[in-house]
Amino acid sequence: MAKQHLTLPLLRRNRFYCFPESAGYYEHNEGHDVRRSAGMLQEFNLHLVTAGHGYVEHDGQRHELSAGDAFLYFPGDKQAYFADDDHPWDFKWIHFYGSGILADLTERGFHRSIGWRVRSPLVLESLIDELLSEINQHKMLHPSRISMLMYGIIAEFIEQAEPITAPSAGASAIERMLKLLPELQAAAAEPFDLDEWAARAGTNRFAFCRWFRRAAGQTPLEFVTMCRIQRAKQLLVEQQDLSVNEVARLSGYVHPSYFNKRFQESENMTPTSYRQQFTMST
């Protein structure tokens, strides 16, 4: 069995939004079995499964987790999780706390489930690796950086996680959607044809919308709009000689009035007002 267990001293709980108390990984962890009574652990407990299989128990039910799944316990929770006998899991884990994380995760509903499915686990794993590397190399020399890395992990988890009890999404379908995102972003200023993009993904428009939302966390049109607004903001700042109408056209909007409406909804200001923020006075 290979493992790493890194610990940090407890800081004032109101010093950072979130901060790790300990973190590490376990590999080839045969016989791994953790049972904690309620109130025993006063930090959050996040595990990301990277290989193999294991189980979490909650409210009398057992849920199987495999690579790409995660589980999250809140401070004070009763905890029960253990590896599969035949194919024990590998995982990376963090115990953490902070000034605002409890209220935030509770408000977002993360107290309602223990097991979670992560849409892009490799992204989350790479962020955890960054945190482990920082702690391993520098210990407590850069607490603000540690907090920043911890925040990145939590933000990514919040963005990607779905309850494990939700209907299972087809991994291959989600993978197809994720591969299409760079292409769709690059073509965002072109007319958006839902049927064409569904055909590229090898499915129909209804399944495409469903899988796209599971993969990206938003509808295809919301994603396209986000990319268009991003392009428009860049053009407004970098090419001051372009009129707002020209920026609208280059961003994918035929009608300037509709562009103004979408920009206002996104940025809470008009394109002209946004540009004025970056116009140097003479």
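Does Glu57 count as buried, partly exposed or exposed, and at what relative accessibility? In this predicted model, Glu57 has a relative accessibility of 26% and therefore counts as partly exposed, since that class lies between the buried limit of under 20% and the exposed limit of over 50%.

Glu57 forms a salt bridge with Arg35, and the closest N and O atoms of the pair are 3.1 Å apart. Glu57 belongs to strand S5 (residues 53–58) and Arg35 to strand S3, so this pair ties together parts that are 22 residues apart in sequence. Arg35 is partly exposed, at 47% relative accessibility. Both residues also take part in a network of salt bridges that links Asp33, Arg35, Glu57 and Arg62.

**Other salt bridges**

Side chains of opposite charge can pair when their charged atoms come close. Over the whole structure, a search finds 15 salt bridges. One of them joins the side chains of Arg13 and Glu43, with an N to O distance of 2.8 Å. Arg13 is located in the loop between strand S1 (2–7) and strand S2 (19–27), and Glu43 in the loop between strand S3 (33–36) and strand S4 (44–51), so the pair connects parts that are 30 residues apart in sequence. Arg13 is partly exposed at 38% relative accessibility, whereas Glu43 is buried, with a relative accessible area of 8%.

A salt bridge is also found between Glu183 and Arg200, whose closest N and O atoms are 3.3 Å apart. Here the partners come from helices: Glu183 lies in helix H4 (residues 171–186) and Arg200 in helix H5 (residues 194–200), so the pair ties together parts that are 17 residues apart in sequence. Glu183 has a relative accessible area of 38% and is partly exposed; Arg200 is partly exposed as well, with a relative accessible area of 44%.

**Packing of helices H6 and H7**

Two packed helices are described by the angle between their axes and the distance between the axes. For helix H6 (residues 205–216) and helix H7 (residues 220–238), the axes come within 9 Å and cross at roughly 60°. That angle makes H6 oblique to H7.

On the H6 side, the contact involves Phe208, Cys209, Phe212 and Arg213, which meet Pro220, Glu222 and Phe223 in H7. By residue class, the contact of H6 with H7 comprises 5 nonpolar, no polar and 2 charged residues.

Terms used. Residues numbered from 1 in each chain as written. Predicted model: local features only at pLDDT ≥ 70, side-chain atom pairs only at ≥ 80, totals over all residues. Heavy atoms only, no water. Axes fitted to C-alpha atoms, helices over the stretch in contact; angles between N-to-C directions. Helix = DSSP H or I, 4+ residues; strand = E, 2+ residues; numbered from the N terminus. Parallel < 35°, antiparallel > 145°, perpendicular 65-115°, else oblique. Contact = heavy atoms within 4.5 Å. Nonpolar A, V, L, I, M, F, W, Y, C, P; charged D, E, K, R; others polar. Salt bridge = Lys/Arg side-chain N within 4 Å of Asp/Glu carboxyl O. Buried < 20%, exposed > 50% of the residue type's maximum accessible area, 1.4 Å probe, protein only.
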